[in-house]
Amino acid sequence: MKLLICARKRFNGVQFRGRIQELQLPSAADTLPLPFFFSTQSTPNQQHEEGEEEEESSIINRAFWTKKIHTLCIRDRNVDEALRLLDKIRLRGYSPDSLNLTSIIHALCDANRFSEAHHRFLLSIASQCVPDQRTCNVLIARLLDSRTPHATLHVICSLIAVRPEFVPSLINYNRLMHHLCLLSQPTEAHGLFFDMRRRGHCPHAVSYTTLMDGYCKIGEEASAWKLFDEMLDSGLVPNSLTYSVLLKGVLCKRDVERGRELMRQLWQKMMDENDPSVNNAAFSNLVDSLCKEGFFQEVFRIAEDMPQGKSVSEEFAYGQIIDSLCRCGRNHGASRILYIMRKRGFVPSLVSYNNIIHGLSKEGGCMRAYQLLKEGVEFGFIMSEHTYKVLLEALCRDSDICKAREVMQLMLNREGVDRTRIYNIYLRAVCLVNNPTELLNVLVFMLQTQCQPDVITLNTVINGFCKMGRVEEALKVLDDMVMGKFCAPDSVTYTTIICGLLNLGRTEEALDVLQQVMPRKGFKPGVVTYNAVLRGLFKLQQANVAMEVFNRMVGDEIAADSVTYSLIIDGLFKSDQIDEAKRFWDDVIWPSRVHDNFVYAAILKGLCLSGKLNEACDFLYELVDCGISPNVVSYNILIDHACKLGLKKGAYTILREMRKNGLTPDAVTWRILHKLHGNAGK
C-alpha cells in the first residue's frame, strides 16, 4: 500500500525527504552594519510608489524624514509603511538614528508586535545605534509590556555590553523582577535584585515586596521572611501590601494561628497607611489568598465585621469579595454577600451582580439566578446579553419555559434593545428542549408585536424543528419564506433542511434539495453544505452515494477542505472500505496538500479499528519523515490501541517516538498508560 509517497514526491521539481530546518534570527552578537538594522522586504511596486514631496526633499533633511517616519508610526499607525520608507531612503544614503528607532519601537509595541520590537532593538544595539540612557529606559518600559522578561533581559544585557555605563531605572528593575516572579522564577529575580544594588540603586518597599511575593508563590515562605527582616534592618518601613504578601505565604502553609496574628497586624497597618491604592491592593491580595486557600468562613467574617475600618471603602471591599468568590466558583457564597450589602444600604455594582447571575446559571443554580434577577429589577439591574443567553439555556435545560419567557420579557422591556436579537437568543435556547409549540408561539408573538423575524430567526426555528424530528413543520416554514410571507431563505436555511431530512433517512428528498432546489433558487451549494450532506450519508451507511456527491462537488469546482476529507476517510473506514480509504489518501488528499491533524487522526483511528496497528504506526512515522508534525492526539490514538491490545512495549515505543519528535505527553497520554498498568495488575 502506498500510504505516503514522500520519498518520491517532488515540489517545484526538487526531490526531498526529511524535515525542513527553520532559519534562525540573528542575535545581538551578530554585528550588522548600521544601514541594515531597519531593512525590510519591499516589492518593486512599493519601491516605485514615491510621493512628489518625498522626491523633492533632500536626503540630508533629517528633520523632514524624522517627522515623516514619526507621523507614519504614531498618527497613521502604519509601521510597515514607515519601515518601507526607511528602507527606500536608506538606499539613497540616509542613516537611521535613535529618533527613528524610538518611533519604530513604539509603533511595533502599539501593534502588539513585541517580538519584532525586541529584535529590532537588538539589531540597533549591534549596529552601535544606541539612544541616550533616558530613551533606553523608556523603550525598555515599552518592551516590558510584552510580559516576556527573558527577551527584555536579553536586550538590557546587550545594552550594558555596548554601554557599560547604562543603568536600568528602578521601576524597570521592579517590573522585570515582578514578571520573573509571575513565571515562578524568584531566584532569577533575586539575582536582578543584587544587580540593582551593585549598579547604585537603593531598593525600596516595592522591590522587597515584589521579591517576597515571588518566594511565597512557590512556597518558600522562609526566604520571604528573611527578606522581610533584611528590609527592616535596612531602615525601610513595610506597607500594608507587604504584610498581605507575607500573609499569603502563611496561609499557603495552613498556619491558621500565625495567620490570624499577622492579619491583626495588617488591619493596624492599613489604618496607618496614607495611600488608599496600597490599602486597596493589600485588601484584594488578602481576600484572593483566603479564597484560594479555602478560608471562606474568614472571608464571610470580614464581610460582616469589616475590620479594615475606613482604610478601604466598603463598596470596594464588598465588590472585591464578590469577585474573589466568583472566581473560585463560590457563586452562592457571593450571593450571600449581596444580602449583607442590601441589609446595610449598599447597592451592588452592576458588574458584580451580573457576574453572580452568570456564575449561578453555569453551575446549575439557575433558580437562584432567576430570583436574583427579579430582585435586581428593583434597583435597575440590566443583565448583559451573554448572561441572558446562559440563564435562558439553563432554565430551558431544567424545562422551566415559563421562567425563561419571563426573563425574555424583562430583556424586551429595556429601552433601545434589539428586539429581534433578544427573540433569537430565546429561540435558540428553546431548541434545547422538545417544545415545537413554543417555537411557533414565539414566532406568532413576534408578528403580533410588530417585530419582524429576520433570516436568523427563521433559520433558528427551522433548526429547532429539525432537531425535534419535525421536518414537515420546518418545510412549511421554508415554503412560507419562499412564498414571500417572511424574508427570503439563504444557503443556511437549505443546509439545515437537508440535515433534517438526512437525520430521518429521507435521502432522495435531501439530494433533491441539494441538486435541484438550491440551484433553481439561485444558490450554489458550498463546501459547508456538501460537508453536511456527506456527514448525513455516511451516518446512514450510504458510502457509495456519498462518494457520488463528492465527485459532483469536485465537478462543480467546489474546493474540499480538511473537514471534507476527514468525513470521507472516517466514513469509508466505518463502511469497511479500507482499500478505498487508502486509495483516497494516496490519490486525492495527499496531492491536494489539504490535510491537517483531523485528517491524520481519522486515518490512524480507522487503521487501528481495522486491526492494522503496524500500518498506522508506519503511516505516522512516514508523515514525520515528510516534514509533517502530527499533534499529540495522533500519538495518543496509537498508544490507546496498543494498550487495548496489551502491547506494553509497543505503547512505550510510540511514547518515545513522540518525545523524540518534540512533543510532550499530555494528561490523556498518562491516563491511557495508567489504564494499561491497571489492567496488567488484575
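In which loop is Asp-576 found? Select Asp-576 and you are in the loop between helix H31 (562-574) and helix H32 (578-592); helices here are DSSP runs of H or I with at least four residues, numbered from the N terminus. This is a predicted model, in which local features need pLDDT of at least 70, side-chain atom pairs count only at pLDDT 80 or more, and totals for chains, interfaces and linings use all residues. Residues are numbered from 1 along each chain as its sequence is written, and side-chain values use heavy atoms, leaving out hydrogens and water.

**Two positive phi angles**

Stay on Asp-576 and check its backbone: phi is positive, about 65°, although the residue is not a glycine. Most residues other than glycine have a negative phi. Asp-576 is exposed, with a relative accessible area of 62% (exposed is over 50%, buried under 20%, partly exposed in between, with a 1.4 Å probe and protein chains only).

Next, select Arg-77, in the loop between helix H3 (62-75) and helix H4 (79-90). Its phi is near 50°, again a positive value in a residue other than glycine, and Arg-77 is exposed at 60% relative accessible area.

**A helix pair**

Now show H28 (residues 507-520) and H29 (residues 527-539). Their axes come within 11 Å and cross at roughly 165°; axes are lines fitted to C-alpha atoms over the stretch in contact, with angles from 0 to 180 degrees between N-to-C directions. H28 and H29 are therefore roughly antiparallel (over 145 degrees; under 35 is roughly parallel, 65 to 115 roughly perpendicular, the rest oblique).

Display the side chains: Thr-507, Leu-511, Leu-514 and Met-518 of H28 meet Thr-529, Tyr-530, Val-533 and Leu-537 of H29, where contact means heavy atoms within 4.5 Å.

**Aromatic pairs**

The structure holds 16 aromatic pairs; rings of Phe, Tyr and Trp (its six-membered ring) pair if their centres lie within 6.5 Å, and planes under 30 degrees apart are stacked, over 60 edge-to-face and the rest tilted. Pick Phe-228 and Tyr-243, an edge-to-face pair at 5.8 Å centre to centre with 70° between the planes. Phe-228 lies in helix H12 (residues 221-233) and Tyr-243 in helix H13 (residues 240-252), so the pair ties together parts 15 residues apart in sequence. Phe-228 is buried at 7% relative accessible area, and Tyr-243 is buried at 13%.

Move on to Tyr-353 and Phe-381, a tilted pair at 4.8 Å centre to centre and 55° between the planes. Tyr-353 is buried, with a relative accessible area of 2%.

For the last stop, select Trp-585, Trp-590, Tyr-600 and Phe-619, which ring pairs link into a cluster.

How values were computed. Helices (H or I, at least four residues) and strands (E, at least two) are DSSP runs, numbered from the N terminus.
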